[in-house]
Amino acid sequence: MTHKETVARNIGLTFDFVNYLLDNESEIEKLPDNFKLEFKEKDFPTLERKQSVYTPIQGIEKRYARVKNTFELV
């Protein structure tokens with residue numbers, strides 16, 4: 001999957017996720033105030049990336065959304 005395809009897929013998933021949250025307001029309460037969201041899908045393999053030195057920004061949690069027919073916060 002090219003970078004452009006990945007970006008387009010993530011934009012679509014973001015809109016789907018926002019609609020999911022609007023329909024399931026109780027899920028909004030489970031989200032921290034400051035977090036990074038990543039989508040994990042079974043249909044798309046994990047992208048291999050080169051190892052790099054990365055210092056995470058303090059105070060930002062990493063959250064994942066498993067994409068099936070619906071979203072599940074993990």
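# Exercises on a predicted model

Lys 36 and Glu 38 are joined by a salt bridge between their side chains, with 3.7 Å from N to O. The model is predicted, so local features need pLDDT of at least 70 and side-chain atom pairs count only at pLDDT 80 or more, while totals for chains, interfaces and linings use all residues. Residues are numbered from 1 along each chain as its sequence is written, and side-chain values use heavy atoms, with hydrogens and water left out.

**Salt bridges**

Find how many salt bridges the rule gives, and state whether Glu 27 is buried or exposed.

Solution. Start with the rule: a salt bridge is a side-chain nitrogen of Lys or Arg within 4 Å of a carboxyl oxygen of Asp or Glu. Side chains of opposite charge can pair when their charged atoms come close. The count by this rule is two. One of them is the Lys 36 to Glu 38 pair; in another, Lys 30 meets Glu 27 at 3.0 Å, N to O.

Next, take the accessibility classes: buried is under 20% relative accessible area, exposed is over 50%, and partly exposed lies in between (1.4 Å probe, protein chains only). Glu 27 has 13% relative accessibility and therefore counts as buried. Lys 36 has a relative accessible area of 41%, so this residue is partly exposed.

**Elements**

Determine in which order the elements run from the N terminus on.

Solution. Helices (H or I, at least four residues) and strands (E, at least two) are DSSP runs, numbered from the N terminus. The protein has two helices and three strands. Their order is α-α-β-β-β. Helix H1 covers residues 3–23.

**The core**

List which residues make up the largest nonpolar core, and say which element gives the largest share.

Solution. A nonpolar core is a set of buried Ala, Val, Leu, Ile, Met, Phe, Trp, Tyr and Cys residues joined through side-chain atoms within 4.5 Å. The largest such core has eight residues: Leu 13, Phe 17, Tyr 20, Leu 21, Leu 31, Phe 39, Ala 65 and Phe 71. Of this core, H1 supplies the largest share, four residues.

Then look at one member, Leu 31. With contact taken as heavy atoms within 4.5 Å, and residues up to four places away in sequence not counted, Leu 31 touches Leu 21 and Leu 73.

**An aromatic pair**

Decide how the rings of Phe 17 and Tyr 20 are arranged: stacked, tilted or edge-to-face.

Solution. Rings of Phe, Tyr and Trp (its six-membered ring) pair if their centres lie within 6.5 Å; planes under 30 degrees apart count as stacked, over 60 as edge-to-face and the rest as tilted. The structure holds one aromatic pair. The ring centres of Phe 17 and Tyr 20 are 6.2 Å apart and the planes stand at 25 degrees, so the pair is stacked. Both residues lie in helix H1, three residues apart, about one turn of the helix. Phe 17 is buried at 5% relative accessible area, and Tyr 20 counts as buried at 16%.

**Thr 14**

State how far apart Thr 14 and Glu 38 are in sequence and in space.

Solution. Thr 14 lies in helix H1. Its relative accessible area is 38%, so Thr 14 is partly exposed. Along the sequence, Thr 14 and Glu 38 are 24 residues apart, and C-alpha to C-alpha they are 9.7 Å apart in space.
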